[in-house]
Amino acid sequence: MATEIAEARVHLRRATLLQYIQRLAVPFLLIMFIVYLGFSNATFITPANLVSIASSIAPIAIVAMGMALLLISGNFDLSVGGVGALGVVAGSLVINHTNTLVGVLMLIVMGLVCGAINGFLVTVVGINSLVATLGTGYIWSGVAYVLAGSSPIILKSNALPNFITFAPAGVQVSVLIAVAVIVAAYFYSRTVMGYSLYAIGSNKEAAKLAGIPVRTATFLAFVLTGLFAGVASIITVAYIGGGVPETGTEWPLEAIAAAVVGGVSITGGEGSIWAAVVGMALIGVVQNGLVLLNINSNLQTVVLGIIIIVAVATDVRFRQRFGEMVTSVGQKSLKE
Amino acid sequence: MTMQESQWVESKFVGGMELLLKIVDMTKIYPPHLEALVDVNLVIHTGEIVALLGANGAGKSTLAKILTGAEMPTRGHIYWRGKEVHITSTRAATELGIAIVFQELNLLPDLTAAENVAIGLRNMHPFLLFSRKKAEALYNEMASLVPSPPKPDIKVKWMSVAERQKVAVIRALVHNPKLLIIDEGTSSWNLGERYEFQQVLQRLAKQKKLSIIYITHFIDDALRVTSRAVVLRDGRKVLETGPDSNYAYDDIVTALSGTEQRTNVEGFVTVAGKPRPNGKPVLKVENLMIGGVGPVSFTVNEGECVGFYGYPGCGAVEVLEAIAGLKPYKGSVIWRGEQLRGGVYKRLRKNVIFCTGDRGRQLITRWPVYLNVGLPRFFRNRPFVPVKHRMFEHIASYVIQKFRIKGYPRTNIGALSGGNQQKVVVGSGIEIGRPLLLLGDDITRGIDVIARSEIHQLLRQMLEDEVAVILWSTDPNEMVEVCDRVYIFAQGRVIIELPRDEITAERLEYVARTRSLKQGVLKNGDRDS
């Protein structure tokens, strides 16, 4: 009896270990890329280059955090690009007309409001999130075009760009903000509200039966995504030094790609903030590597597309292989 | 001629019946060590019905999957009309003439009954326009073999579970099979429907010379319809009865569980538990109206288990869902002197909990046991604090011990057998807190007799002062076994209330059936919601 229990424990521990291993496909790919690029290109592994990767992916990484939370709950937000476009245009206008602090606060509020509108449309009106955010995304970017008129808006004061690109220990403030957002999103995903998103994405009916406030939790996820898009647009305003309404067109898909490459399920219920961070890092490293390897910029997009597919395919195979093992080992621990 | 073939020739005609299928040393091992089937031998003759019995996880479904080409055996031989065959795909099985009605019905919810039946057929060309007329004609032809079949033009998603199962049976018959495997096909039918269906099976077996493997949890069904029974336990054949030998209920239960179990006169495992004296009423429901259901009024007393009996679509489930806060309603629901308001979230805080036998609706299968136990307890904490994994693990291991669940808190709940999953659902519900109002929606659906009687015992034992239970079921025996009082539902209303000493399966069935017939329920097909 005692030995049987001990044996069952061993099986159980093995199942848990396998469960961890099955998530390691993409981190493994990331390390492979870093090692390869490190050996083939002298500049890749330098601190300056690594910081530049980090600061170039910072805005989209921030957007990807919100997107990951939404994807886990089984929803999408395609309007983050529109929020970005509206953010940079309206943000630069407000900064030019009042001051930097008011502009930044306005952008945060704008993000919250846009997120709340999406959340309202999805949870209260009941529109599918893909459709609702497609619509609102068009509206935000349309408004951005109207506000901008024919010419891009240029920031008169340099306060915001100086602050965002200020690098106290070689690391820019924009990267620090991104790290703060990642940490916040990580902790959010571990709270009761965060776990509720997993439950909603896995089995909405089960979540409802268990008294999870499905609508409130989904609404909050949209608000958070909007907020993060607002924060990302603050950084982008600073990077550009003004506002152009074309900003953000690639945000939604790139954020979804980052999350999905990392292993967040497009159908909801599976994935983690950590996975989205790894996915984002992979995309950033590949983009940077392609530049360093002097690959034609038009070809870079093609390569990026291939990488996304390869990463997801590896991840799927890994999960299948180890998933079967987890189940069989798990069942073995149940046998008496 | 190999040895096995010569054996087959010898046994080709046994008792005047032609041998259709012979399974020799069938073994299926899931790597690395899970033995689903070990050296199982079985023969099926033309036109006979054989019951395949076993607890959840005994290997019945694995055998069915091997015969239909969904799984390949690790080793073993299949002889079909004397020739060895390798069933490598579901298509190969169909071509041989083996059809199955699965426990998990793979019907397409957005298609109509006729479309579901016709969709995979050869004479429906995949690239030509789908002929609805042809499909419906075909459907109607096959549907005549099944009692009160659903109409051909109704979408499957609007059907009750029982109706879906009928469609699945009709779909299986369309291929003109020689061997039909029914895998729990009738587990959620009511007694009358099951009885009618079994008569159909017997007619098919006799007239069309169809052989049937009837995989079921209902031992009395097996005793009634089949000529032989085969009992599996842990992947091994532990009992096989001959066509002429009489076998008793107790023998089968013993073979199923591997231990002696006492049974009562009706042949059901008795439940230890004293009938409780009537306490004071704790739940008062008055003029409850939900959509087309109601008005319904009833009371539940302290420490009492009240049964709701009726056919699917009688409205009892809607009443339970309304009390749980899942459906909007008009009327008053007073629980311990307090009007219940709001959604599930608010009612769960008052320990009003809804448990359903539809496990896919209640469990998150990719989560471990402890998180599934924790899910209804999430919002007992504040929303923005980390999930208390430790606490949920403690609760889960308590539930596992108390309800003797085979599993560990960190085991993925999908790896547990159906009966154990159901015990997690019910156990977790029972332990949510006191005072407790447990609303059970067919909580023993599709699980084996042993798990079922264990759940019944748990329910009886927990009926203390601070607990009230309402149980809905289409199974009259469940009412007999656990309920102190029964309300019979038909057409969205309570038609009669039966005290403990008047609850018998015959009475329940008779009342529900006559009342439903009178009001035309059965004619239109009995529809959920």
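Predicted model: local features only at pLDDT ≥ 70, side-chain atom pairs only at ≥ 80, totals over all residues.

Reader: What are the angle and the axis distance for H5(A) and H6(A)?

Author: H5(A), residues 100-125, and H6(A), residues 129-148, pack at about 145°, with their axes 9 Å apart. The crossing is right-handed.

Reader: Why are H5(A) and H11(A) called roughly antiparallel?

Author: H11(A) covers residues 214-240, and its angle with H5(A) is about 150°, with the axes 7 Å apart. The cut-off for roughly antiparallel is over 145 degrees, and therefore H5(A) and H11(A) get that label. Their crossing is right-handed, and the contact has 16 nonpolar, 10 polar and one charged residues.

Reader: What makes H15(B) and H16(B) roughly parallel or antiparallel?

Author: Take H15(B), residues 418-430, and H16(B), residues 449-461: their axes come within 10 Å and cross at roughly 10°. Angles under 35 degrees count as roughly parallel, so H15(B) is roughly parallel to H16(B). The residues that meet are Gly419(B), Gln422(B), Lys423(B), Val426(B) and Ile430(B) from H15(B), and Ala451(B), Glu454(B), Ile455(B) and Leu458(B) from H16(B). By class that gives five nonpolar, two polar and two charged.

Reader: Is Phe392(B) buried or exposed, and how do you know?

Author: Count the C-beta neighbours: Phe392(B) has 22 of them inside 10 Å. Phe392(B) sits in helix H14 of chain B, residues 389-402. Leaving aside neighbours within four places in sequence, Phe392(B) is in contact with Tyr370(B), Leu371(B), Val373(B), Gly374(B) and Arg377(B).

Reader: What is the phi of Asn287(B), and why is Asn287(B) put in its exposure class?

Author: Phi of Asn287(B) is near 45°, a positive value in a residue other than glycine. Asn287(B) lies in strand S12 of chain B, residues 281-290.

Reader: What makes Asn351(B) exposed, buried or partly exposed?

Author: Asn351(B) has 18 C-beta neighbours inside 10 Å, so it counts as partly exposed. Asn351(B) is in the loop between H11 and strand S17 (352-356) of chain B. Its phi is positive too, at about 60°, although Asn351(B) is not a glycine.

Reader: How do you know which kind of peptide bond joins Arg434(B) and Pro435(B)?

Author: Look at omega: the value is about -5°, and the bond is cis. Pro435(B) lies in the loop between H15 and strand S18 (436-441) of chain B.

Reader: Which residues count as the side of chain B that touches chain A, and how many are there?

Author: The test is C-beta atoms within 7 Å, and 31 residues of chain B are in contact with 27 residues of chain A. Helices H11 (344-349) and H12 (359-362) of chain B each supply at least two residues of that side. The largest share, three residues, comes from H11(B). By class, the side of chain B that touches chain A has 21 nonpolar, six polar and four charged residues.

Reader: Where is the predictor's confidence in chain B lowest, and where is it highest?

Author: Helix H19 of chain B (residues 521-524) is lowest, with a mean of 39, and helix H13 (residues 369-374) is highest, at 94. Over residues 519-529 of chain B the pLDDT is below 50, and that stretch has 24 contacts in the model beyond near neighbours in sequence. Chain B averages a pLDDT of 80. For the complex, the predictor gives an ipTM of 0.87 and a pTM of 0.78.

Methods: Residues numbered from 1 in each chain as written. Chains lettered and ligands numbered in written order. Contact = placed C-beta atoms within 7 Å. Helix = DSSP H or I, 4+ residues; strand = E, 2+ residues; numbered from the N terminus. Nonpolar A, V, L, I, M, F, W, Y, C, P; charged D, E, K, R; others polar. pLDDT = per-residue confidence, 0-100. Axes fitted to C-alpha atoms, helices over the stretch in contact; angles between N-to-C directions. Left-handed = near helix turned anticlockwise from the far one by under 90°. Parallel < 35°, antiparallel > 145°, perpendicular 65-115°, else oblique. Buried ≥ 20, exposed ≤ 12 C-beta atoms within 10 Å, placed from the backbone.
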